[in-house]
Every structure is written in structure tokens, then in C-alpha cells.
Amino acid sequence: MHNIRFWFAHGSCSLATHTMLCESELPFEAIEISVHKQETQSEAFAKINAKKRVPVLALDNQVITETPAIALAISQLVPEKGLLGVSQIEQARVMEWMCWLSGEVHGQAFGGLLRPERFTHHPEQYEAIQLKSRERISDAFKTIEAKLGKNFAVGKSLTVVDPYLLVFFNWGKGLNFNMKGNYPHYSAFSQFIADHPSVAKAMHR
């Protein structure tokens, strides 16, 4: 049996991999850390993850960071669960989603809106960066809206893509995007995913 520890923050992208741990039914220690209180920037946390970001997974003596990598590590512990897809084509689709969500949607679009200082040394450029980032987020939401069906994003069961999409839906609502009005399929999907037992457990743990 592996010793599993998981550092997470409520409201952050760590919901995606936190859900995977709950769905895996493996025993693990969940360690909450506050981004708002800048606990991720502390020297103590930097010793765990020098990038100073969540999520972080410690698997025995191995520390793993980045959502796609953590999802892969968890899925390998319980391959029968199909957390990264069941068939080969489903696994490819999950990877396709994860590359785009983590790189473009999270890192670039939301990153530019929430952390414009990461994109320039000049504060007077922040507003322009944020305006462009809102456009990129809207474009991403349109793409997501067109791709989603009635239930899960990939296949017929929960994968890491589903709670990751829920994260961005919730962020969109919090940032005053008209989610229900402009993205009805994404809205219905997000409610469906939020009601999933593993998602609900991760959200309220």
C-alpha cells in the first residue's frame, strides 16, 4: 500500500486531481493550504514544491506536480477505474483535453486575466493583457460549449477532464462571465459533474 499525501486549495484547479483521488477509493491524506493567505509562497511549502503551487501529490517518497502528471500517477495506481479513459482513443482524447486545458485555458487565458504581472514587467500593460485574456477565455468557453454532450466529456464515465472543466466553469461564474446565458450545455454539464459523489466529496472535504 502506498503512502499518499495530497496538498490542495479549495476553489483551485486541485479539484480535478482531488476528485480522482476520491474516485480511486485509495486511502490518502488531504492537506489543505490557502492560496489567498499566500501559504503556497511560504518557505515551508517551497520545500515540498519549489514552484509554490498546488496541487501536489506525494507518492511514498516521490513528489509529483502539475495536474496532468498527478492525474497520470493516480490513474496508474487504479488502472481498472479508467480515470484517464477506458479505450486507447478515449485516453488520447483525455490527453488532448488536458494539454489544452492546462496550457491554453489555465496557464495562458486565465493566467493573463488573474496574473497579468506574469506576462509583462510594465504595470501599465496589465489592463490590455486582461482584456485580451477575457477574449481568450470567451473563445475557450465557446469551444467547450460546442464539444460537450449530455454527460461526461470523454466516454461514459468520469475522467479527470470532467472536474477540470468544472473548475473553469466556476471561475467563469466568479469573474462575471454569463455562463448560464451563453453556455447552456456547459452549464448543464457542470451541474451534472458537481453532483457526482467523488466531485462533491472533493469539493467539501
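A: H5 and H8 are roughly perpendicular to each other. That label applies because angles of 65 to 115 degrees count as roughly perpendicular, under 35 as roughly parallel, over 145 as roughly antiparallel and the rest as oblique. Helix H5 covers residues 126-147, helix H8 residues 184-194, and they pack at about 70° with their axes 8 Å apart. Axes are lines fitted to C-alpha atoms, for helices over the stretch in contact, and angles run from 0 to 180 degrees between N-to-C directions.

Q: Which residues make the contact of H5 and H8?
A: Contact means heavy atoms within 4.5 Å. From H5 come Phe141, Ile144 and Glu145, and from H8 come Pro184, His185 and Tyr186. By class, four are nonpolar, one is polar and one is charged. Here Ala, Val, Leu, Ile, Met, Phe, Trp, Tyr, Cys and Pro count as nonpolar, Asp, Glu, Lys and Arg as charged, and the others, Gly among them, as polar.

Q: What should I know about the model and its numbering?
A: The model is predicted: local features need pLDDT of at least 70, side-chain atom pairs count only at pLDDT 80 or more, and totals for chains, interfaces and linings use all residues. Residues are numbered from 1 along each chain as its sequence is written, and side-chain values use heavy atoms, with hydrogens and water left out.

Q: Which residues of H5 are buried?
A: Buried means under 20% relative accessible area, exposed over 50%, partly exposed in between (1.4 Å probe, protein chains only). The buried residues in H5 include Ile129, Ser133, Ile137 and Ala140. The buried residues of H5 pack against helices H4 (88-114), H6 (161-174), H7 (179-182) and H8.

Q: How do I read the sheet?
A: Strands of a sheet pair through backbone hydrogen bonds, either parallel or antiparallel. Two strands pair if DSSP finds at least two bridges between them. Here four strands form an open sheet, in the order E2-E1-E3-E4, with mixed pairing. E2 (29-32) and E4 (62-65) stand at the edges with a single partner strand each, so one side of each has no neighbour in the sheet. Neighbouring strands are turned by 20° against each other on average, direction ignored. E1 (residues 4-8) and E2 run parallel, joined by four bridges. Trp7 stands opposite Ile31 in E2.

Q: Which helices lie on these strands?
A: Helix H1 (residues 14-24) packs on the sheet and touches E1, E2 and E3 (56-59). Its direction makes about 150° with that of E1. H3 lies across E1, E3 and E4, at about 130° to E4.

Q: Is Ile74 buried or exposed?
A: Ile74 is buried, with a relative accessible area of 1%. It lies in helix H3 (residues 67-77). Among the residues that Ile74 touches are Thr17, Met20, Leu57 and Leu83, leaving aside those up to four places away in sequence. Ser75, also found in H3, is buried at 10%.

Q: Where does Gly82 lie?
A: Gly82 lies in the loop between H3 and H4. At 7% relative accessibility, Gly82 counts as buried. Beyond four places in sequence, Gly82 touches Leu158 and Thr159.

Methods: Helix = DSSP H or I, 4+ residues; strand = E, 2+ residues; numbered from the N terminus.
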